[in-house]
Amino acid sequence: VVLNKGERDGLEINRVLVVDQKGQRTKDIVTSEWISLPNERAGVVMVFRTFERVSFALVLSSTRAIHIGDIARTP
């Protein structure tokens, strides 16, 4: 995968990150308000190449498909 973070953001080679999918928005049936569900873990990636503003990572494991816009963060 390609990450929009790089060396200037502190990413280093061999850094392990988790990938989360943003929680969906749904309407609460009791209060009729819109709520955001929690993020869900999609997988684990390891950074293998970094540049100033971008990095490449390998998918080590995944339980869901990883999409554009998913959130990569430290575990």
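A: S5 and S6 run antiparallel and are joined by seven bridges. Strands here are DSSP runs of E with at least two residues, numbered from the N terminus. Two strands count as paired if DSSP finds at least two bridges between them. This is a predicted model: local features need pLDDT of at least 70, side-chain atom pairs count only at pLDDT 80 or more, and totals for chains, interfaces and linings use all residues. Residues are numbered from 1 along each chain as its sequence is written, and side-chain values use heavy atoms, with hydrogens and water left out.

S5 and S6 form a hairpin, with four residues between them. Val45 stands opposite Val59 in S6. Gly43 has Ser62 of S6 as its bridge partner.

S5 covers residues 40-50 and also pairs with S2, antiparallel, over six bridges. There, Val18 has Val44 of S5 as its bridge partner.

S6 in turn pairs with S1, again in the antiparallel sense, over two bridges. Val2 has Phe56 of S6 as its bridge partner. Leu3 stands opposite Ser55 in S6.

Put together, the open sheet has five strands in the order S1-S6-S5-S2-S7, with antiparallel pairing. S1 and S7 (71-73) are the edge strands, each pairing on one side only.

Now the surface. Leu60 lies in S6, which spans residues 55-62.

Last, the largest pocket. S1 (2-3) and S2 (16-21) each supply at least two residues of its lining. That lining has 19 residues, and Val2, Leu3, Asn4, Asp70 and Ala72 lie nearest the centre. A pocket is an open set of points on a 1 Å grid over the protein atoms alone, where a 1.4 Å probe fits, with protein on both sides within 12 Å along at least five of seven lines; lining residues have an atom within 4 Å of a point.
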